[in-house]
Each structure stands twice: as structure tokens, then as C-alpha cells.
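Please brief me on the metal site of this protein and its surroundings. Keep it short and grouped by topic.

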Amino acid sequence: MLNRNIENFIGCDASYAEADVVLFGAPFDGTTSFRPGTRFAPAAMRRESYGLELYSPYQGRELTDGNIFDSGDIELPFGSPERALGMIEERAGEILADGKLPFLIGGEHLVTLGAVRAAAAKYPGLHILHFDAHADLRDEYLGERLSHACVLRRCHELTGDGKIYQFGIRSGDKSEFEWGKEHVFTRLFDFEGLEDVLESLRGRPVYLTVDLDVLDPSVFPGTGTPEPGGVTFDALRRAVTAACQTLNVVAADVNELSPHYDASGASTAAACKIAREMLIALACK
Ligand code: MN
Ligand code: MN
């Protein structure tokens, strides 16, 4: 018997009804400031995911040990960030309302705001754990308040002070860092202190957002705003795994892969492997 052609993320083959984790793509890059192309990431990751094993030797489990459903991409209007965010919020909200964990693949980092809106509506007291090269705390960028350079600032408007924890940050304008000191926790350059933060967040509802440009461009050149001085693949893998295993993660995303800047395919492979480790840790609790 022949099977229908499908292009799920590898191993995300559960039915929606039985799924604990529901993946979806938001192929949006309408506010990208430097090099566009993240809209192609969800499709590239699904395709390249078949180069991965289901099994994680790091965790001793495989993707199919958990119940994960891939609900495909949302068809988004590129000219309207607000409408795109509304559609992302709706998808994430539907998954949350069904008692499942939304796992969003961007897209540029602005897409996170849609899913955070949905998570904050369901979980008062939501905390955000944010891995990124960039602070993303600008109040506006080129006159726009809905920009990937402003996404954590918009999230702060939903969570309030002391709820956002950033790691790996090595770029931002002076005012972002000054504002950040008053309102968020920022660990520059690496993941030092993550263990203590995970301990302090234990049991609380947490949104985990991974801007993959936190990785050094030598391992992750395929992104819109490469920022030298980043963390190693293994440092990020350990950090996301610890966060997903330890915390009450209620929703998560990976974003900012831009496949057309990934001539070797190595960045897409790194993105897929980070996603696999997160999915296994989230779905196999
Ligand atoms: Mn970002
Ligand atoms: Mn970034």
C-alpha cells in the first residue's frame, strides 16, 4: 500500500487528539530589519528534519516516545504584522485551550508576541525565558512598535517587571540595556547563572523563546542579523534541554533561521537538532 505524501517535522506523527505538544509554523518576516528570509524556515526545517535521527543520545529518548502533532504553517498576510500576530495568537490559543503545548517555528522573532499573548491570557504570572544575541527591548524601531527589535519590550507590557529572563545577549543600543536593568534580568554573552534562574522559576508558567542567532555565526550563519561572539551549539543544547526538563514550560518557540543564508545547510541542521531536543524534553516529561 502506498502512503500519502506528507511533510511533517520528523517524528511528529501523533494525532491531534492524543498530542501533548502541537507544532506550528509562522512563516513571517515582514519587519526584518537587515536580511529577510526567515519566512522560509518552517518549510526548510521540516525538509531537513529527515536528516536527523528520531533518537537523542543526549536524552536517551526519541521523538516518537512523546505525542507530538505538526499542525502545519499558518497562511499569514505579509504586509500586516498586527493581523499576522492575531492569527498566531489564535492558533496558539486554540492549542492551549485544548490543554496542549504550542511549539512555534518562526519566522522572525516578532512572531513570539502572538504566542505570548495567548499564553499570558491563559496563565497570569507568565514568565519568559529568552535566549538571543539581541536584547529586543527597543520601544520602537524605525518608527514601528511591532518589530522583531521590539518584541521583548512588547512582551514586557504583558508580563510586567521581573518576569523576563534573558541570556546570551551581546547586542542592543545603550538605551535598551539601561531600560533593561530596571525591568528585566539580563545575562550578557552566555548562560552563566541559568541554573539558579531555573531553580527560581520552578513551578511557574514559563514561555521559552529561542532566537537561534544566540548561537555564534560560525555555527549558525543562516540568520538575518548575525552577531559574532555567540554561544556554542552544545551550550545552547544544554540550556534548552535543562529549561524544558526543569520548568513548567507552557509554550515555546524557535525563530530567526533564514535558510537562504545557509549555503552549507549547517544552520538548518542546527535549528532542527535544537528543536528535536526541545520537543523530546517537552513531550517526554
Ligand atoms: Mn530576537
Ligand atoms: Mn537576535
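The notes below cover the metal ions, a helix and a pocket.

This is a predicted model, in which local features need pLDDT of at least 70, side-chain atom pairs count only at pLDDT 80 or more, and totals for chains, interfaces and linings use all residues. Residues are numbered from 1 along each chain as its sequence is written, chains are lettered from A and ligands numbered from 1 in the order in which they are written, and side-chain values use heavy atoms, with hydrogens and water left out.

**Manganese ion (ligand 1)**
- His109 (ND1), Asp132 (OD), Asp136 (OD) and Asp211 (OD) are its protein donors, 2.1 to 2.3 Å away.
- Donors are N, O and S atoms within 2.8 Å of the metal (3.2 Å for Na, K and Ca); water is not among the atoms, so sites may look incomplete.
- The donor spacing in sequence is H-x22-D-x3-D-x74-D.
- His109 sits in the loop between strand E5 (101-106) and helix H3 (111-122), and Asp136 in the loop between strand E6 (127-131) and helix H4 (151-159), so the pair ties together parts that are 27 residues apart in sequence.
- Helices (H or I, at least four residues) and strands (E, at least two) are DSSP runs, numbered from the N terminus.

**Manganese ion (ligand 2)**
- Asp132 bridges the manganese ion (ligand 2) and the manganese ion (ligand 1), which lie 3.3 Å apart.
- Asp132 counts as buried because its relative accessibility is 0%.
- His134 has 10% relative accessibility, so His134 is buried too.

**Helix H4**
- H4 is mostly covered, with 7 of its 9 residues buried.
- Among the buried residues are Arg153, Arg154, Cys155 and His156.
- The cover over the buried residues of H4 includes H3, E6, strand E7 (164-169) and helix H5 (174-183), where contact means heavy atoms within 4.5 Å.
- Gly160 follows H4 and has a positive phi, near 85 degrees.

**Largest pocket**
- The largest pocket holds about 240 Å³ of space.
- Of its 16 lining residues, His134, Asp136, Arg138, Ala149 and Thr225 are the closest to its centre.
- A pocket is an open set of points on a 1 Å grid over the protein atoms alone, where a 1.4 Å probe fits, with protein on both sides within 12 Å along at least five of seven lines; lining residues have an atom within 4 Å of a point.

Notes:
Buried means under 20% relative accessible area, exposed over 50%, partly exposed in between (1.4 Å probe, protein chains only). Grid points are joined across faces, edges and corners, and a volume is the space filled by probe spheres set on the points.
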